[in-house]
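Subject: Structure handover

Dear colleague,

Here is the structure for your files. My notes follow below it.

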Amino acid sequence: MRILNYILAVMFLIFASLQVNDPDPIVWILIYGSMAVVCVMAAFEYYVPWLMIIQFVCYLIYCFILTPGLSEWLASPDRSLLFSEVAKMQYLYIEESREFLGLCICMAVLILYWFRSRATRKVS
């Protein structure tokens with residue numbers, strides 16, 4: 001599990017470094033950077049449940065804000081535009097859909113760590 005935690009930490013650090021050219025880099029560097037910190041803490045089996053809950057709720061609220069963009073992308077005839085660099089500049093919903101999916105990855109990792117933290121508490 002420790003190796004997976006380090007892989008996730010590196011993944012989130014890479015995600016954070018790719019946000020430098022984003023329209024809102026500070027927000028996303030903080031989101032992905034905080035996730036990298038959570039992953040490193042998890043590698044040492046140090047979990048802060050209240051912090052994970054706060055992060056999860058914030059990410060969930062942000063997902064609701066981005067939902068219209070995701071809906072527009074799902075309704076579009078060409079969903080492959082999500083992977084196009086040019087379309088990102090043409091359609092705001094592409095950027096919002098990518099951000100939504102990034103938040104879903106963060107929330108999935110937080111759920112994994114939440115259950116992991118509960119399992120380690122039962123053992124000790």
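Cys106 counts as buried, because its relative accessibility is 0%; buried means under 20% relative accessible area, exposed over 50%, and partly exposed in between, with a 1.4 Å probe and protein chains only. Cys106 sits in helix H5, residues 92-123. Helices (H or I, at least four residues) and strands (E, at least two) are DSSP runs, numbered from the N terminus. Leaving aside residues up to four places away in sequence, Cys106 touches Phe12, Ile31, Tyr32, Met35 and Tyr59, where contact means heavy atoms within 4.5 Å. Cys106 and Pro77 are 29 residues apart in sequence, and their C-alpha atoms lie 28 Å apart in space.

This is a predicted model, in which local features need pLDDT of at least 70 and side-chain atom pairs count only at pLDDT 80 or more, while totals for chains, interfaces and linings use all residues. Residues are numbered from 1 along each chain as its sequence is written, and side-chain values use heavy atoms, with hydrogens and water left out.

Overall picture

The protein has five helices and zero strands, giving the pattern α-α-α-α-α along the sequence. Its C-alpha atoms fill a box of roughly 50 × 25 × 25 Å along the principal axes. Of its 124 residues, 36% count as buried. Among contacts between residues at least 6 apart in sequence, 69% join residues at least 24 apart.

Helix H1

The expected span of a helix is 1.5 Å times one less than its number of residues. Asn5, Leu8, Ala9, Phe12 and Ala16 are the buried residues of H1. Seen down the helix axis, these residues fall within an arc of 105°, so they line one face of H1; the arc is that of the directions from the helix axis to the C-beta atoms. Ile3 and Ile7, on the other side of H1, are exposed. Phe12, buried in H1, is one of the residues that Cys106 touches.

The 19 residues of H2 should span 27 Å at 1.5 Å a residue, and the end C-alpha atoms are 27 Å apart, which agrees. Buried in H2 are Trp28, Ile31, Tyr32, Met35, Ala36, Val38, Cys39, Ala42 and Ala43. Down the axis of H2 they fall within an arc of 160°, so they line one face of the helix. The face turned away from this buried side carries the exposed residues Ile26 and Leu30.

H2 (residues 25-43) packs with H3 (residues 49-75) at an angle of about 145°, the axes being 12 Å apart. Axes are lines fitted to C-alpha atoms, for helices over the stretch in contact, and angles run from 0 to 180 degrees between N-to-C directions. The contact is made by Val27, Trp28, Ile31, Ser34, Met35 and Val38 of H2 and by Gln55, Tyr59 and Tyr62 of H3.

Glu45 lies in the loop between H2 and H3. Although Glu45 is not a glycine, it has a positive phi of about 55°.

Regards
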